[in-house]
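Please look through the structure below together with its sequence. The paragraphs that follow take up its pocket, its sheet and some of its loops in turn.

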Amino acid sequence: MNIRHLPGQERVARPWRNSGGITRDIAVFPDGSDDDSFLWRASIATVTDVGQFSTWPGVDRTLLVLRGQLVLAVEGIGERRLDENSPTIAFSGEQPVSADPQGGPCRVLNLMVRRHRAWIRLKRCAANFPVTAFRTLVLATQSTMVGVNGLSFRLDEDDALMLGPDHSQILEIEQSAIVVEFDTSNNAVNRASHASKANRFSGSYL
């Protein structure tokens with residue numbers, strides 16, 4: 001069973017590509033990939049000032065506010081006022097995006113996938129359910145216990161687990177957490193088809 005514990009306190013802060021903010025990588029695939037070679041990347045970004053996001057040609061992006069309030073203006077989508085109760089917002093890395101944190105710094109979960117080569121699905125949950133994705137990330141938004149195929153892990157806020165690529169795993173989440181399922185192109189096609197037949201997934205890939 002392939003399970004990695006990713007403590008939040010061990011993440012290293014680094015500047016955005018345009019130096020407009022700070023981000024801390026949770027996980028990147030393949031391991032050790034840089035900004036030009038990853039297939040997918042998950043990070044937590046801190047937005048402290050009004051400014052533009054970096055551009056990412058060939059990358060599709062999904063954002064979810066973890067803490068604070070943010071006004072996000074995305075070309076072609078318009079302006080959105082987001083907080084920790086808001087759904088995700090998805091856009092392409094080529095679209096001009098500006099962010100305005102409201103009342104102090106805002107922390108967001110930042111998900112990036114290389115277009116046509118990787119897919120994701122994200123949900124908040126506190127439940128028992130099977131996961132069959134190539135990789136599955138569990139991010140704790142508060143202290144919680146997470147069970148995986150009979151093993152138990154205590155996660156503090158911002159800690160994460162990375163699961164996979166086992167064929168199937170059962171997640172048991174005590175408190176609400178964020179679950180992100182990642183698939184690369186070949187795995188995504190095969191597994192999404194299988195999941196559809198088994199009625200295991202609700203929703204679609206972002």
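Which strands each supply at least two residues of the lining of the largest pocket? They are strand S2 (13-15), strand S4 (40-47) and strand S9 (97-114), where strands (E, at least two residues) and helices (H or I, at least four) are DSSP runs numbered from the N terminus. This is a predicted model, in which local features need pLDDT of at least 70 and side-chain atom pairs count only at pLDDT 80 or more, while totals for chains, interfaces and linings use all residues. Residues are numbered from 1 along each chain as its sequence is written, and side-chain values use heavy atoms, with hydrogens and water left out.

The largest pocket has a volume of about 180 Å³. A pocket here is an open set of points on a 1 Å grid over the protein atoms alone, where a 1.4 Å probe fits, with protein on both sides within 12 Å along at least five of seven lines, and its lining residues have an atom within 4 Å of a point; the volume is the space filled by probe spheres set on the points. Of the 16 lining residues, Trp16, Trp56, Arg61, Asn110 and Met112 are the closest to the centre of the pocket. Sorted by class, the lining holds 7 nonpolar, 4 polar and 5 charged residues.

Turning to the whole protein, there are 1 helix and 17 strands. Of its 206 residues, 47% count as buried, meaning under 20% relative accessible area, whereas exposed means over 50% and partly exposed lies in between (1.4 Å probe, protein chains only). Among contacts (heavy atoms within 4.5 Å) between residues at least 6 apart in sequence, 68% join residues at least 24 apart.

Strands of a sheet pair through backbone hydrogen bonds, either parallel or antiparallel. S1 pairs with strand S15 (residues 160-163) in the antiparallel sense over 4 bridges, and His5 stands opposite Leu161 in S15.

Another antiparallel pair, over 4 bridges, is made by strand S11 (residues 128-131) and strand S16 (residues 169-173). Pro130 stands opposite Ile170 in S16.

Strand S13 (residues 144-148) and S14 also pair in the antiparallel sense, over 5 bridges, with Val146 opposite Phe153 in S14. The hairpin of S13 and S14 has 2 residues between the strands, and in this hairpin Asn149 takes a positive phi near 50 degrees.

His116, in the loop between S9 and S10, has a positive phi of about 70 degrees although it is not a glycine, and His116 is exposed, with a relative accessible area of 66%. Asp158, in the loop between strand S14 (151-155) and S15, has a positive phi of about 80 degrees, again without being a glycine, but Asp158 counts as buried at 18% relative accessibility. Finally, the peptide bond from Phe29 to Pro30 is cis, with omega near -5 degrees, and Pro30 is found in the loop between strand S3 (22-29) and S4.

Methods. Two strands pair if DSSP finds at least two bridges between them. Ala, Val, Leu, Ile, Met, Phe, Trp, Tyr, Cys and Pro count as nonpolar, Asp, Glu, Lys and Arg as charged, and the others, Gly among them, as polar.
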